[in-house]
Amino acid sequence: MLKFASCDGCQLSLLDCEDELLAIAGAVDIAYFLEATSSVRPGPYDVALVEGSITTPHDLERVRQIRKQAGFLVTIGACATAGGIQSLKNWADHEEFMRCVYAQPEFISTLSTSTPIAAHVPVDFELRGCPISRHQLVEVLAALIAGRKPRTPTHSVCLDCKRRGTVCVEVAQGIPCLGPITQAGCEAICPAYNRGCFGCYGPAAQANCDSLVDHYQQQAVGTERLVPLLRNFNAAAPEFQAASNRVAGGDAS
Amino acid sequence: MPHRTVTPGPAALTHDPWLSHSVRIERLVEEMPGVATYDLVFDDPATAAAYTYQPGQFNMLYLPGVGEAAISISGDPGEPGHIPHTVREAGNVTHALAELKIGASLGLRGPFGSAWPVDVCIGGDVLLVAGGIGLAPLRPVIYALLRNRDQYGDITLLYGARSPEGLLYADEYTDWRSKGLDFQTTVDRGTAGWKGNVGVVTELLNRMSLPRPEQTWLMSCGPEVMMWYTIQAALARELSREQIYVSLERNMNCAVGLCGHCQFGPEFVCLDGPVFRYDRVESMMKVHDL
Amino acid sequence: MADGQSNTTERFLPQTGLQHLIDLLTTDGYEVIGPQLDQGAIVYDTLTSVDDLPRGWTDRQEAGTYRLEQRNDDALFGYVVGPHSWKQYLFPPLTTISTADRTDAGWEFQTPSEPPPRRAFLGVRACELAAMKVQDRVFMGGVYVDPAYQRRREAAFIVAVNCTLAAPTCFCSSMGTGPQCTQGFDLVLTETDAGFLIESGSDRGAELLEQLPTREASESERDLGKAARQQAVDQMQRSLDTAGIRDLLLTNMEHPQWEEVGKRCLSCTNCTMVCPTCFCSSVTEVADLTGDHVERQRVWDSCFNIDFSYMNGGVVRNDVRSRYRQWLTHKLASWHDQFESSGCVGCGRCITWCPVGIDLTAEVAVIRGSGSATNEMHTDVAMQGET
């Protein structure tokens with residue numbers, strides 16, 4: 001379990017697998033997991049779970065080393081799979097940020113962008129979500145142990161809303177919701193609590209972002225609401241990025 | 001307009017279509033890398049005694065925790081006690097199946113689906129055209145026809161594979177020929193020592209004599225594109241659409257027409273197929289991404 | 001649609017009698033399910049009292065929009081249909097269909113034989129009765145019968161309620177399924193300002209009716225009921241021209257409209273989930289930690305999901321265009337081949353609950369408008385799966 005720019009929340013998902021944790025610990029040999037133990041063993045590793053996005057030149061070097069050490073590389077979470085919330089910096093003036101935040105920005109070595117792991121090294125499996133679902137994490141580990149392909153859904157959040165009987169917040173209340181273009185995995189939590197989907201699991205397969213965005217614009221949902229909705233935890237996922245740029249009128253990267 | 005026909009095969013074993021029966025691997029033959037034949041037998045003697053199937057039908061093989069896969073039965077319907085399935089490793093279930101050894105326990109639902117028209121073509125000439133692993137669903141036809149050899153005219157099998165190693169059931173060819181099967185093979189690419197035909201299977205069809213096309217029945221199974229060209233060749237040789245049968249493949253999930261996965265236009269491939277008379281599916285085979 | 005019912009057997013049930021009905025059903029061991037307000041909509045859920053019903057509320061529906069509104073009366077059934085349908089009780093979103101247990105002697109398989117849940121559905125509309133009939137054919141009318149559906153269906157007691165209004169999304173008249181309930185119920189109610197007109201449609205309905213505090217309906221009360229039902233007929237704005245629709249759609253498989261609607265469709269599955277007849281499902285394996293006990297769970301799935309047509313070697317319907325075409329041609333055309341009826345009952349849910357308001361009646365009209373001009377299916381010879 002290795003980490004780049006991230007909040008550690010996805011790593012904690014593994015510790016959150018209370019029921020399954022002992023079985024996992026019994027089935028695999030955990031060599032490197034700083035959130036769980038300070039005992040660290042050197043690679044190579046059969047499986048590397050990688051959290052976080054690439055934001056520094058050092059990250060770049062390290063991720064290449066990890067790739068060399070890892071038999072099967074799984075990226076976990078929105079940061080590792082799409083650049084995370086910190087990819088908002090991709091639309092901003094990075095130099096200016098540094099000047100504002102740090103007294104001596106010249107000591108800061110950082111890239112101007114936050115990018116997913118797959119932008120730099122080949123990735124064997126991407127597990128989406130902010131944070132990831134522990135059920136899906138267990139499924140991925142179980143599949144890797146069994147030597148089969150992990151079963152994770154590619155369908156939209158809407159399907160899960162309907163399966164659990166949640167009334168569509170967009171149709172019934174006019175709440176802008178990314179559910180129709182977002183991949184399932186969260187069990188459709190937000191609409192069940194009367195909130196629109198934030199897109200935590202990134203774009204669903206073949207997400208038709210343009211149609212949904214056109215519809216919201218026709219419903220007079222303003223740019224000031226739509227752009228932040230699309231530029232969230234998966235802001236730099238290509239489909240969401242293209243959609244938000246289109247709404248913003250191409251005034252960004 | 002509605003053209004649902006009753007499934008010609010025997011009814012499946014149980015009134016609850018979701019119930020699997022315990023079976024065991026009795027015999028295991030590796031046909032080629034990634035392809036093996038598993039002979040399955042029922043644990044329960046009563047179930048075994050009740051089980052019959054027709055050529056072309058399939059079973060759902062079930063590995064608990066992994067899932068089910070639809071596999072056509074490749075055995076002799078006259079000997080339904082041990083049921084061979086020739087399986088190519090392609091997905092999770094078939095990969096897991098490949099890990100199993102003789103004696104391993106698994107589940108089986110079936111038989112399901114429609115059958116090849118071995119009764120319809122009595123008295124006529126029969127032309128079987130298979131590609132690759134597509135010979136597996138046709139092998140029961142070969143057994144059934146050769147068992148009643150005197151009831152048919154010419155019986156011809158044209159069989160193509162990518163390479164000589166891709167030809168299934170090679171140790172049976174001599175037996176089949178001796179029992180009256182006119183049998184030709186062809187490969188896309190020959191290897192050292194291969195003295196047979198090289199080229200697509202439709203070339204064999206174009207070259208063969210068809211003395212009485214109005215009494216010749218074609219049954220074809222293989223990649224859809226191969227079947228398509230085979231059909232065109234047969235039509236050119238004056239077979240009618242009603243004399244042509246194909247076996248189609250779609251994603252089968254429930255096998256009993258209740259889940260919607262395997263729809264092909266109006267057809268449920270699991271229920272109305274997998275074997276279809278060509279006139280029934282012709283228009284749909286021409287539609288993209290159906 | 002004319003008021004085709006003779007109504008001579010209609011009885012009058014005062015408003016206070018409805019609680020009686022609920023109580024009788026409950027005493028009979030039924031869990032009564034009916035409409036109620038929740039999550040900004042009228043949904044179906046368990047109820048024990050008439051006070052749980054959406055008294056004085058109605059729904060305003062358009063393509064892609066649903067809003068609750070207050071009525072200026074105390075009607076209990078003064079709305080049409082919401083996002084839920086009875087499908088969720090007869091063909092639940094998740095059903096365990098079989099189990100496997102590892103024993104020393106190998107795998108042991110079983111299918112559940114749970115006692116059927118005894119449920120009474122209160123407030124079933126004509127289109128919903130038609131939808132049940134459609135799903136009956138799917139799950140019980142073919143070569144194989146789905147035991148889980150059959151158990152639930154046969155145990156269900158159905159109290160239908162005639163519509164007294166139509167939403168702009170309703171088109172049951174043109175589908176021949178409503179708005180009046182004509183068959184498939186145990187009891188049917190028509191709500192008027194004065195009270196309910198009630199009639200039985202089955203022996204067990206008649207038995208229950210006898211226990212209710214009804215009296216013979218007067219002619220003026222029957223006229224009130226008739227007028228209320230007629231109002232739904234008169235309000236119906238939308239329609240679907242079903243003349244020759246099967247051949248129309250199946251001979252227009254390459255119509256440019258599929259591409260056009262594919263640009264708007266989100267492929268999000270909402271239409272199929274709210275549809276009371278859509279029956280697509282997938283089975284997933286759920287194992288315990290040891291893998292020794294495995295359940296096969298059937299969950300609602302949709303032809304709009306890419307994985308749905310996945311085969312070894314690829315996805316068959318790999319764009320929105322082909323998936324929308326599959327849904328619509330199945331629903332309105334090939335359903336006739338499979339089940340000798342349309343798969344559409346005209347409830348309008350797919351129109352209302354499509355986040356971007358795609359209207360199947362409009363899509364069909366476009367295809368009908370250009371007719372055979374693009375009927376090129378038979379000349380466009382191309383194979384899928386070509387390598």
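**Figure 1. Strand 1 of chain C pairs with strand 12 of chain C in the antiparallel sense, over two bridges.** The model shown here and in the other views is predicted. In this pairing, Phe12(C) has Arg215(C) of strand 12 of chain C opposite to it. Strand 1 of chain C also runs antiparallel to strand 11 of chain C, and four bridges join these two strands. Pro14(C) faces Gly195(C), a residue of strand 11 of chain C, across this second pairing. Strands of a sheet pair through backbone hydrogen bonds, in a parallel or an antiparallel arrangement.

**Figure 2. Strand 10 and strand 11 of chain C form an antiparallel pair with five bridges.** Strand 10 covers residues 187-191 of chain C, and strand 11 covers residues 195-200 of chain C. Which residue of strand 11 of chain C is the bridge partner of Thr190(C)? The partner is Leu197(C).

**Figure 3. Helix 9 and helix 11 of chain C pack with their axes 8 Å apart.** Helix 9 comprises residues 256-264 of chain C, and helix 11 comprises residues 320-339 of chain C. Two packed helices are described by the angle between their axes and by the distance between the axes. The angle here is about 110°. Angles of 65 to 115 degrees count as roughly perpendicular, and helix 9 and helix 11 of chain C are therefore roughly perpendicular to each other. From helix 9 of chain C, Trp258(C), Glu259(C), Val261(C) and Gly262(C) take part in the contact. They meet Val320(C), Arg321(C), Tyr324(C) and Arg325(C) of helix 11 of chain C. By class, the contact between helix 9 and helix 11 of chain C has four nonpolar, one polar and three charged residues.

**Figure 4. Chain B and chain C meet through 47 residues of chain B and 51 residues of chain C.** On the chain B side, the elements that give two or more residues are strand 1 (21-32), strand 6 (105-112) and helix 6 (224-236) of chain B. The side of chain B that touches chain C has 19 nonpolar, 19 polar and nine charged residues.

**Figure 5. Chain B is divided into domain 1 (21-112) and domain 2 (125-247).** Taken over C-alpha atoms, the centres of domain 1 and domain 2 of chain B are separated by 25 Å. Domain 1 of chain B gives 14 residues to the contact, and domain 2 of chain B gives 13 residues. Strand 1 and strand 5 (83-88) of chain B are the elements that give two or more residues to the domain 1 side of this contact. That side has five nonpolar, six polar and three charged residues.

**Figure 6. Chain A has 12 helices and four strands.** The C-alpha trace of chain A spans about 55 × 50 × 25 Å along its principal axes.

Key
Residues are numbered from 1 along each chain as its sequence is written. Chains are lettered from A and ligands numbered from 1 in the order in which they are written. This is a predicted model: local features need pLDDT of at least 70, side-chain atom pairs count only at pLDDT 80 or more; totals for chains, interfaces and linings use all residues. Two strands pair if DSSP finds at least two bridges between them. Two residues are in contact if their C-beta atoms, placed from the backbone, lie within 7 Å. Ala, Val, Leu, Ile, Met, Phe, Trp, Tyr, Cys and Pro count as nonpolar, Asp, Glu, Lys and Arg as charged, and the others, Gly among them, as polar. Domain bounds come from an automatic or database domain assignment. Axes are lines fitted to C-alpha atoms, for helices over the stretch in contact, and angles run from 0 to 180 degrees between N-to-C directions. Angles under 35 degrees count as roughly parallel, over 145 as roughly antiparallel, 65 to 115 as roughly perpendicular and the rest as oblique.
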